[in-house]
Amino acid sequence: MKKKALLLYSTIDGQTFAIISKIVLRMTEEAEDIEHEVYDLWKMPELDLNEYSTILMGAAIRYNKFDKPFLDFIEKNYKTLNEKNSAFFCVNLTARKPGKDTPETNGYARRFLAKTPWKPTLKGVFAGSLRYPRYTWYDKILIKFIMWMDGEKQDLSKEYNYTNWQKVDEFAKEFIALTRK
């Protein structure tokens, strides 16, 4: 019998979706023995979580918080998530800094994992991206100010991708191994 994985994501500017897509690509290439379904938490249908052997949830941070659908899903389903092999990753710009890119060293991930009743088996943190041309004027100015306070000068007409794709690939392999257990 094939194992079945559920991959859920909550994205703000598309980087969390890009990371989930990379994980799905790795699964498609290397894990024909694992069925998988992917859903955006904002548009997810009603599902029976008991059909899945493993559940992965990825969520982005914007202005110090996760999206409501992500937090609501966990609040509603943490008991089921804890009964299964489950995985979590968060995407944030702090993770672009050396030493701030693990669940133990990234403040957002560490605070979330300390207070959530969900205890994922596998955890990851990835740096996100900045897509200034897509932002509202307000977001451009606010995000540029935050980056300036961090010592980075940036061009508001450009996009910046900080994701370490090799690290995402390694996480994907760990998720495949977790699903096969």
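Visitor: Which residues of helix α1 are buried?
Guide: The model is predicted, and helix α1 covers residues 15-30. Residues count as buried under 20% relative accessible area. In α1 the buried residues are Gln15, Thr16, Ile19, Ile20, Ile23, Val24, Arg26 and Met27.

Visitor: What span should α1 have at 1.5 Å a residue, and how far apart are its end C-alpha atoms?
Guide: Helix α1 has 16 residues, and at 1.5 Å a residue these should span 22 Å.

Visitor: Is threonine 16 buried or exposed?
Guide: Threonine 16 is placed in helix α1. Leaving aside residues up to four places away in sequence, Thr16 touches Tyr9, Ser10, Thr11, Gly58, Ala59, Ala60, Phe89 and Val91. Its relative accessibility is 0%, so threonine 16 counts as buried.

Visitor: What distance separates the C-alpha atoms of threonine 16 and serine 129?
Guide: Threonine 16 and serine 129 are 113 residues apart along the chain.

Visitor: With which side chain does the side chain of glutamine 15 make a polar contact?
Guide: Glutamine 15 lies in helix α1 and is buried, with a relative accessible area of 4%. Beyond residues up to four places away in sequence, Gln15 touches Val91, Gly128, Ser129, Arg131, Asn161, Thr163 and Trp165. The polar contact, at 3.3 Å, joins the side chain of glutamine 15 to that of asparagine 161.

Visitor: Which elements cover the buried residues of α5?
Guide: Helix α5 runs over residues 165-180. Its buried residues are Val168, Asp169, Phe171, Ala172, Phe175, Ile176, Leu178 and Thr179. The cover over these buried residues includes β1 (3-10), α1, β2 (34-40), β3, β5 and β6 (122-127).

Visitor: How far does α5 reach from its first C-alpha to its last?
Guide: Helix α5 has 16 residues, for which 22 Å is expected at 1.5 Å a residue. The value in the model is close to that figure, at 23 Å.

Visitor: Which residue caps the N-terminal end of α5?
Guide: The cap involves the backbone nitrogen of glutamine 166, which has a side-chain oxygen 3.1 Å away. That oxygen belongs to the capping residue, asparagine 164.

Visitor: Which residues are the closest to the centre of the largest pocket?
Guide: The largest pocket has a volume of about 500 Å³. Of the 26 residues that line the largest pocket, those closest to its centre are Ile61, Arg62, Tyr63, Asn92 and Leu93.

Visitor: Which elements each supply at least two residues of the lining of the largest pocket, and how is that lining divided by class?
Guide: At least two lining residues come from each of α1, β3 (54-62), β5 (85-92), β7 (129-131) and α4 (137-149). By class, the lining of the largest pocket comprises 12 nonpolar, nine polar and five charged residues.

Visitor: How many nonpolar, polar and charged residues are in the lining of the second largest pocket?
Guide: The second largest pocket has a volume of about 210 Å³. Its lining consists of Leu41, Met44, Pro45, Glu46, Leu47, Leu49, Pro69, Asp72, Phe73, Lys76, Asn77 and Thr80. By class, these are seven nonpolar, two polar and three charged residues.

Visitor: What phi does tyrosine 63 have?
Guide: Tyrosine 63 is found in the loop between β3 and β4 (65-66). Tyr63 is partly exposed, with a relative accessible area of 33%. Although this residue is not a glycine, tyrosine 63 has a positive phi of about 50°.

Visitor: Is asparagine 64 buried or exposed?
Guide: The place of asparagine 64 is in the loop between β3 and β4. Asn64 is not a glycine, yet its phi is positive, at about 70°. Its relative accessibility is 59% and the cut-off is over 50%, so asparagine 64 counts as exposed.

Visitor: How far apart in space are lysine 68 and glutamate 170?
Guide: Lysine 68 is found in helix α2 (residues 68-83) and is exposed, with a relative accessible area of 56%. In sequence, lysine 68 and glutamate 170 are 102 residues apart. Their separation in space, C-alpha to C-alpha, is 28 Å.

Methods:
Residues are numbered from 1 along each chain as its sequence is written. This is a predicted model: local features need pLDDT of at least 70, side-chain atom pairs count only at pLDDT 80 or more; totals for chains, interfaces and linings use all residues. Side-chain values use heavy atoms; hydrogens and water are left out. Helices (H or I, at least four residues) and strands (E, at least two) are DSSP runs, numbered from the N terminus. Buried means under 20% relative accessible area, exposed over 50%, partly exposed in between (1.4 Å probe, protein chains only). Contact means heavy atoms within 4.5 Å. On a 1 Å grid over the protein atoms alone, a cavity is a set of points where a 1.4 Å probe fits but cannot get out, and a pocket is an open set with protein on both sides within 12 Å along at least five of seven lines; lining residues have an atom within 4 Å of a point. Grid points are joined across faces, edges and corners, and a volume is the space filled by probe spheres set on the points. Ala, Val, Leu, Ile, Met, Phe, Trp, Tyr, Cys and Pro count as nonpolar, Asp, Glu, Lys and Arg as charged, and the others, Gly among them, as polar. The expected span of a helix is 1.5 Å times one less than its number of residues. A polar contact is a pair of N or O atoms within 3.5 Å; within protein, one must be able to donate a hydrogen and the other to accept it, and residues adjacent in sequence count only if both atoms are side-chain atoms.
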